[in-house]
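Colleague: I would like to go through this model with you before I set anything up. Could you take my questions one topic at a time?

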Amino acid sequence: MSINQLVYISQAVRKMSAADLLAIQRVAKENNAPIDVTGSLFYNGGWFLQVLEGPLATIDALYRKIEKDPRHKNSRVLYKQPATFRTFTRWSMNMTNLEDRQADKYEQLVEVIDAARSDRKIGQASPAVTLLNIFKS
Ligand SMILES: Cc1cc2nc3c(=O)[nH]c(=O)nc-3n(C[C@H](O)[C@H](O)[C@H](O)COP(=O)(O)O)c2cc1C
């Protein structure tokens, strides 16, 4: 089955605690595993950035559900493309809370969210492409 990747950015409606984020991740993992969706969710400074990977119709339907979630607003798709491989093979939904500053690749990820929210490129590349490249290999 061919895989597509969708990346969006959105604004949290309030400051998310670690517990809030874990609650989102728990449900996401439960729901995504059986529908063959993998991906990663990043949070920093009131912004969510999420990668969804899976069959096109599945990620389209999932995105339509997620964007209606009252915990965030102003969701904007940055990237939607077919992919040869999944980038987050091991995760039905990974979660990186950049607020705790412990994250691997912290500086690069903060830069990606910053560029995405202000609609800026990173060098020649779009923030979504930069994000996917960070986790390739
Ligand atoms: C930023 C954010 C990311 C989310 N990501 C997912 C996801 O990857 N998969 C998912 O099923 N729900 C995700 N959710 C939760 C959905 O919006 C929704 O609350 C949930 O899917 C409902 O689950 P239920 O149908 O089992 O009650 C996310 C919510 C937010 C705020």
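Predicted model: local features only at pLDDT ≥ 70, side-chain atom pairs only at ≥ 80, totals over all residues.

Colleague: Which residues come nearest to the ligand?

Modeller: Ala-28, Asn-31, Phe-48, Asp-69 and Arg-71 come nearest, out of 15 residues around the ligand. Two or more residues of the shell come from each of helix H1 (18–32), strand S3 (47–54) and helix H2 (56–67).

Colleague: And how do the shell residues divide into nonpolar, polar and charged?

Modeller: The shell around the ligand has 8 nonpolar residues, 4 polar ones and 3 charged ones.

Colleague: Let us step back to the whole chain. What pattern does it follow along the sequence?

Modeller: The protein chain reads β-α-β-β-α-β-β-α-α, with 4 helices and 5 strands.

Colleague: What is its radius of gyration, and what would a compact globule have?

Modeller: The radius of gyration of the protein chain is 14 Å, and a compact globule of 137 residues would be near 14 Å, so the two agree. Along the principal axes, the C-alpha atoms fill a box of roughly 35 × 35 × 25 Å.

Colleague: What percentage of the residues is buried?

Modeller: Buried residues account for 29% of the 137 in the protein chain. As for contacts between residues at least 6 apart in sequence, 75% of them join residues at least 24 apart.

Colleague: What does Leu-49 touch?

Modeller: Leaving out residues up to four places away in sequence, Leu-49 touches Ile-9, Phe-42, Val-112, Ile-113 and Ala-116.

Colleague: S2 has come up already. Why is it described as largely enclosed?

Modeller: S2 is largely enclosed by the rest of the structure because 7 of its 7 residues are buried.

Colleague: Which residues lie on each of its faces?

Modeller: In a regular strand, side chains alternate between the two faces of the sheet. For S2, one side carries Thr-38, Ser-40, Phe-42 and Asn-44, while the other carries Gly-39, Leu-41 and Tyr-43. Both faces are covered, with all of these residues buried.

Colleague: Does S2 pair with S3 in the parallel or the antiparallel sense, and over how many bridges?

Modeller: The pairing of S2 and S3 is antiparallel, over 7 bridges. Gly-39, for instance, has Leu-52 in S3 as its bridge partner. The two strands form a hairpin with 2 residues between them, and Gly-45 in the turn has a positive phi of about 55 degrees.

Colleague: And how many bridges join S2 to S5?

Modeller: S2 and strand S5 (residues 94–97) run parallel and are joined by 4 bridges. Opposite Phe-42 stands Thr-96 in S5.

Colleague: One last topic: is Lys-136 buried or exposed, and where is it found?

Modeller: Lys-136 lies in the segment after H4. Lys-136 is exposed, because 7 other C-beta atoms lie within 10 Å, and 12 or fewer count as exposed.

Colleague: How far is its C-alpha atom from that of Ser-92?

Modeller: The C-alpha atoms of Lys-136 and Ser-92 are separated by 17 Å, and the two residues are 44 apart along the chain.

How values were computed:
Residues numbered from 1 in each chain as written. Near = placed C-beta within 6 Å. Nonpolar A, V, L, I, M, F, W, Y, C, P; charged D, E, K, R; others polar. Contact = placed C-beta atoms within 7 Å. Buried ≥ 20, exposed ≤ 12 C-beta atoms within 10 Å, placed from the backbone. Pairing = 2+ DSSP bridges. Rg over C-alpha atoms; globule rule 2.2 N^0.38 Å.
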